[in-house]
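The sequence and structure are shown first.

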Amino acid sequence: MKLIDHPRLYLTREVLERCRQPTNLPLLAHARKIVTKHANSFARDQDVKYDTKQHNAHLVRARLTQLRVITLLAEWAKTGKAKYRDAIMAYVKQIAGWDQWSWIAWRRGDKGANTIFDLSCGENSTTLALIYDVLHDTLSKTERKLLITTARQRSINLFIRQVTTGKEKPFWYRNKGSNWAT
């Protein structure tokens, strides 16, 4: 079976094309203005502020970053402007450079290769997947390598190692009530 071309996730080419179309609906026109306002702010100021001492701070950081990236992806899909794409790639560099993705491991002081895969890892993985999928056709070899290397080293390899080795599977693996495998 051959995989479909990108985008492979829920944002199809048709959805991305619709982002470029004008709207006559007042609610959507208002929403577009809000997205543009936030995208401009997120492109200008890429400092994600969060309380490092709060419960699950790494998840908060992941979700704040994800909000920024998805907003920028929406605006880039609408306008095609390089400033939004450039900002997205700057966020990718930030995500790749975080010394720890897992809040659980961070609290333990574990920065090793066998750190735990937790919800923060899943959220960061989702963000990278959306970026890769939507920007796929525009990625340079260097950008593609950064996304793939980051995903493999910080997420995929960790996930595979955690669910395939050891005496028992992680509590969240194949658990209907868990969203850690995002």
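The model discussed here is predicted. Asn 56 has a relative accessibility of 19% and therefore counts as buried. This residue is found in the loop between α2 and α3, and its phi is positive, at about 55°, although Asn 56 is not a glycine.

Gln 54 also has its place in the loop between α2 and α3. Its relative accessibility is 27%, so Gln 54 counts as partly exposed. When neighbours within four places in sequence are left aside, Gln 54 is in contact with Val 60 and Trp 103.

## The nonpolar core

The largest nonpolar core comprises 31 residues. Those with the most contacts inside this core are Leu 72, Leu 73, Ile 88, Ile 131, Leu 135 and Leu 147. Five helices each supply at least two of its residues: α2 (26–44), α3 (57–79), α4 (82–97), α6 (119–135) and α7 (141–164). In soluble globular proteins, nonpolar side chains tend to be buried together.

Leu 72 illustrates the contacts made by one of these core residues. With neighbours within four places in sequence set aside, Leu 72 is in contact with Ala 39, Phe 42, Ala 43, Tyr 84, Ala 87, Ile 88 and Tyr 91.

## The largest pocket

The largest pocket has a volume of about 410 Å³. Its lining consists of 19 residues, and Cys 19, Arg 32, Val 35, Ala 74 and Lys 78 are those that lie nearest its centre. By class, this lining contains 13 nonpolar, two polar and four charged residues.

Helices α1 (13–19), α2 and α3 each contribute at least two residues to the lining of the largest pocket. The most is given by α3, with six residues.

## Arg 85 and Glu 143

Arg 85 is found in helix α4, and Glu 143 has its place in helix α7. Arg 85 counts as buried because its relative accessibility is 10%. Glu 143, at 18% relative accessibility, likewise counts as buried. The side chains of Arg 85 and Glu 143 are joined by a polar contact of 2.6 Å.

Not counting residues up to four places away in sequence, Arg 85 touches Trp 76, Leu 135, Thr 138, Leu 139, Ser 140 and Glu 143.

## Trp 101

Trp 101 has its place in the loop between α4 and α5. Its relative accessibility is 1%, so Trp 101 counts as buried. Beyond residues up to four places away in sequence, Trp 101 touches His 58, Arg 61, Ile 95, Asp 118, Ser 120, Cys 121, Asn 124, Ser 125, Leu 128, Thr 150, Arg 154 and Ser 155.

Two of these neighbours can be described further. The backbone oxygen of Ile 95 lies 3.1 Å from a polar atom of the Trp 101 side chain. Arg 154 is 53 residues from Trp 101 in sequence, while their C-alpha atoms are 7.5 Å apart in space.

Tyr 132 is found in helix α6. With neighbours within four places in sequence left aside, Tyr 132 is in contact with His 6, Leu 139, Arg 144, Leu 147 and Ile 148. A polar contact of 3.4 Å joins the side chains of Tyr 132 and Arg 144. Tyr 132 and Tyr 50 are 82 residues apart in sequence and 25 Å apart in space, taken from C-alpha to C-alpha.

Ile 104 is found in helix α5 (residues 103–108). Its relative accessible area is 17%, so Ile 104 is buried. From Ile 104 to Ala 87 the separation is 17 residues in sequence and 29 Å in space, C-alpha to C-alpha.

How values were computed
Residues numbered from 1 in each chain as written. Predicted model: local features only at pLDDT ≥ 70, side-chain atom pairs only at ≥ 80, totals over all residues. Heavy atoms only, no water. Core = buried A, V, L, I, M, F, W, Y, C linked by side-chain atoms within 4.5 Å. Buried < 20%, exposed > 50% of the residue type's maximum accessible area, 1.4 Å probe, protein only. Helix = DSSP H or I, 4+ residues; strand = E, 2+ residues; numbered from the N terminus. Contact = heavy atoms within 4.5 Å. 1 Å grid on protein atoms, 1.4 Å probe; cavity = no way out; pocket = protein on both sides within 12 Å on 5 of 7 lines; lining within 4 Å. Points joined across faces, edges and corners; volume = space filled by probe spheres on them. Nonpolar A, V, L, I, M, F, W, Y, C, P; charged D, E, K, R; others polar. Polar contact = N/O pair within 3.5 Å; in protein donor to acceptor, adjacent residues only side chain to side chain.
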